[in-house]
Amino acid sequence: MTNQMSTNRRCSVNRELLLNIADRKQAEERIIHLNTILRAIRNINQLIIKKKDRDSLLRKACDIMIEARGYDAAWLGFFKDDETFATVKGSGFGEGMSRFSEHVMGGDHPSCIRSTIAQKEKLFIVGKSRECGDCFFKDACTDREAAIIRVEHVGRLFGLLAILFAPDVTVDEEEKDLLREVADDIALALYNMEMEEKRKLAENALKEAYDIVNRSPSVAFLWKNAEGWPVEFVSDNVKELFGYTAEEFTSGKVSYVETVHPDDLERVAEEVSTYSKEKEGKKVIREPYRIITKNGGMIWVDDRTNIRRNEKGNITHYEGIVIDITELKRAQEKLREHSKNLEGMVEERTRLPV
């Protein structure tokens with residue numbers, strides 16, 4: 001009896017030891033498992049710093065997820081609108097990836113993709129027992145769980161990240177959190193790329209606008225609302241009209257007031273004062289006035305000036321286009337002289353005896 005009890009006790013201890021060993025092994029495997037995902041996140045963060053091309057980022061991020069974690073497959077899709085894919089990149093699908101991309105980019109979305117787009121939850125788990133219906137890709141997903149994660153930042157849905165797990169893997173909450181983190185990092189990178197693209201487009205548009213201004217007979221000015229109307233910006237073609245370079249204006253070597261003909265200065269200043277009482281965006285419509293050029297010559301100019309105000313309503317700047325109308329003024333003067341001569345001839349003829 002005693003020997004039997006001793007044997008039972010040893011068996012119980014052995015079972016506990018085996019259970020402890022199994023638990024410890026399971027815990028170690030779990031740590032290794034989570035570390036692989038953390039490594040993938042770190043590698044993707046390094047990738048984000050290096051890669052500035054969207055397609056290259058998407059493709060390489062999928063490669064990292066496969067290599068670091070050992071997922072069966074991964075794909076990343078980037079939207080051109082809320083539900084249409086502009087591009088889809090993936091790893092682990094083999095030759096089927098091109099067929100998958102073709103279907104998805106053509107709008108043939110499996111139900112799991114439609115559900116993820118429609119729902120507000122960040123992550124959608126597709127179970128092993130899912131109903132795939134006539135999905136063109138269901139054979140690749142048989143007996144596997146999949147996770148589809150929304151790649152979004154500041155309310156903008158950039159695309160989807162999909163992970164296909166091995167047949168014997170069931171995703172847990174910690175892994176879900178880490179996958180959400182991966183998606184967030186990628187979304188931030190795509191957001192930054194989009195902002196950089198918009199910045200470059202704005203720069204190019206501004207450069208084109210400046211080029212047009214510089215090639216035109218008009219000169220663009222930005223004057224500060226201060227004594228002398230100091231120039232903050234002027235287009236490079238100012239030298240052709242005023243004789244002064246853009247640098248001479250913007251450095252303060254010459255102010256705009258100094259170029260206005262003394263006989264016109266009071267009137268121009270009064271017009272500015274009158275229209276400064278108007279709202280922002282109201283054009284200061286001045287009568288043409290004269291400019292004294294650097295070499296002492298004189299030209300007639302016309303300008304249309306907008307008023308800029310700060311948040312308190314105070315005027316900070318005036319911005320406008322100055323156009324050389326000297327030839328127009330000369331033509332008008334000749335027309336007036338011609339009209340005057342005609343009037344004189346008519347008057348002379350009426351005085352002649354019949």
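Which exposed residues does the face of helix 10 turned away from its buried side carry? I opened my notebook with that one, keeping in mind that this is a predicted model.

**Entry 1: helix 10**

I looked up the extent of helix 10 and found 14 residues, 262-275. From the first C-alpha to the last, helix 10 reaches 21 Å, close to the 20 Å expected at 1.5 Å a residue.

Next I checked which of its residues are buried, and Asp-264, Val-268, Glu-271 and Val-272 came up. These four sit on the same side of helix 10, because they cover an arc of only 100° around the axis. I reminded myself of the rule behind this: an α-helix has 3.6 residues a turn, so residues three or four places apart point the same way.

Then I could settle my opening question: the face turned away from the buried side carries Pro-262, Glu-266 and Glu-270, which are exposed.

I turned to the strands and found an open sheet of 5, in the order 2-1-5-4-3, with antiparallel pairing. Strand 2 (85-91) and strand 3 (123-126) each have a single partner strand, so one side of each is left without a neighbour in the sheet. On average, neighbouring strands are turned by 15° against each other, direction ignored.

I zoomed in on strand 1 (residues 73-79) and strand 5 (residues 156-164), which pair over 6 bridges in the antiparallel sense. I picked out Gly-77 and saw that its bridge partner in strand 5 is Leu-160.

**Entry 2: helices on the sheet**

I found helix 3 (residues 96-105) packing on the sheet, where it touches strand 1 and strand 2. The direction of helix 3 makes about 155° with that of strand 2. Helix 4 (residues 111-118) lies across strands including strand 4 (146-153), and runs at about 35° to strand 4.

Key. Residues are numbered from 1 along each chain as its sequence is written. This is a predicted model: local features need pLDDT of at least 70, side-chain atom pairs count only at pLDDT 80 or more; totals for chains, interfaces and linings use all residues. Side-chain values use heavy atoms; hydrogens and water are left out. Two strands pair if DSSP finds at least two bridges between them. Helices (H or I, at least four residues) and strands (E, at least two) are DSSP runs, numbered from the N terminus. Axes are lines fitted to C-alpha atoms, for helices over the stretch in contact, and angles run from 0 to 180 degrees between N-to-C directions. Contact means heavy atoms within 4.5 Å. The expected span of a helix is 1.5 Å times one less than its number of residues. Buried means under 20% relative accessible area, exposed over 50%, partly exposed in between (1.4 Å probe, protein chains only). The arc is that of the directions from the helix axis to the C-beta atoms.
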